[in-house]
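Here are a few friendly notes to read alongside the structure. Have it open as you go through the points.

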Amino acid sequence: MGLIFKNTKYKGKILNAFLLFTLLTLIPNVTGAQEAKFGVKGGLNYSSIVGDLTNGMKFRLSGHGGVYLEVDFSNKFSFRPELLYSSQGFQFSTDLSSIQNQGSSGNENDYRTNVQLNFLTVPILGKFEVGESYWLEFGPQFGFLLNQVTKIKNLDELDGANATSKSKISGDYQLDYGVAVGVGFVLSDQLSISPRFYVGLRNRLNGIEGNLQNYNASIQLSVNYLFL
């Protein structure tokens with residue numbers, strides 16, 4: 001899939017993600033923050049790509065899960081780094097040539113293609129308490145592509161041996177970065193839910209002639225459990 005990524009110079013960056021999260025966990029000791037708490041989270045992703053060469057592409061439902069640290073600096077502000085496995089991507093239901101031509105290719109191939117992009121993500125967020133029952137959060141997010149899994153289903157041969165094909169390639173830990181904005185709702189002292197929107201700022205089509213641009217985008221719905 002030539003649409004996905006053109007740059008593979010980020011090989012080995014996964015180590016940097018772990019080092020970054022480890023460094024962030026030391027912040028309470030360095031800054032004298034009031035309190036630091038550990039939590040786990042998981043939930044759903046609804047993701048796609050936006051921009052050029054995306055005509056006909058649809059959002060894809062998947063999931064995410066991981067850990068986070070909540071560092072309280074005051075009653076109203078907390079620092080919240082996270083380390084998550086996040087499955088993103090997109091899907092489309094026609095052949096690739098019709099998408100690139102932004103219309104019908106004249107030969108309607110009934111194929112459904114599902115592109116799964118599996119990332120290790122590191123959101124670095126500020127959390128602002130608005131009231132006793134909800135908060136706002138925003139900040140940068142960095143992602144390292146672990147692998148890409150592409151599934152192609154022939155809708156005309158659902159019962160045939162060749163109805164579905166699957167391929168998997170390494171992501172070489174290619175970097176994605178962007179901005180995450182969300183809100184959280186408190187259910188109890190330890191349990192909360194938080195919808196979040198992420199849009200990438202790194203052009204996935206960088207290097208292609210014509211100044212084309214598209215970016216990763218996702219909507220997340222998480223369930224969070226905080227250890228007190």
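1. Leu53 is not a glycine, yet its phi is positive, at about 60 degrees. Most residues other than glycine have a negative phi. Asp172 is another residue other than glycine with a positive phi, near 55 degrees, and its place is in strand E6.

2. A word on what you are looking at: this is a predicted model, in which local features need pLDDT of at least 70 and side-chain atom pairs count only at pLDDT 80 or more, while totals for chains, interfaces and linings use all residues. Residues are numbered from 1 along each chain as its sequence is written, and side-chain values use heavy atoms, with hydrogens and water left out.

3. How do the strands come together? Eight of them form a closed barrel in the order E1-E2-E3-E4-E5-E6-E7-E8, with antiparallel pairing (two strands pair if DSSP finds at least two bridges between them). On average, neighbouring strands of this sheet are turned by 25 degrees against each other, direction ignored (axes are lines fitted to C-alpha atoms).

4. For a closer look at one pairing, take E3 (residues 77-92) and E4 (residues 111-129), which are antiparallel over 14 bridges. Within E4, Asn118 is the residue opposite Ser87.

5. The model has eight salt bridges, counted where a side-chain nitrogen of Lys or Arg is within 4 Å of a carboxyl oxygen of Asp or Glu. In one of them, Lys37 and Asp72 bring their closest N and O atoms to 2.7 Å apart. This pair links distant parts of the chain, 35 residues apart: Lys37 belongs to E1 (residues 35-51) and Asp72 to E2 (residues 60-72).

6. E5 (134-154) and E6 (164-186) are the elements giving two or more residues to the positive patch, whereas Arg112 lies in E4.

7. There is also a nonpolar surface patch, whose members include Phe128, Tyr134, Tyr177, Phe185 and Leu201, with about 850 Å² of accessible area for the whole patch together (by the Shrake-Rupley method with a 1.4 Å probe). E5 and E6 each give two or more residues to the nonpolar patch. Its largest share, four residues, comes from E6, the strand where Phe185 lies.

Terms used. Axes fitted to C-alpha atoms, helices over the stretch in contact; angles between N-to-C directions. Patch = residues over 30% accessible without salt bridge, like charges linked within 9 Å, V, L, I, M, F, W, Y side chains within 5 Å.
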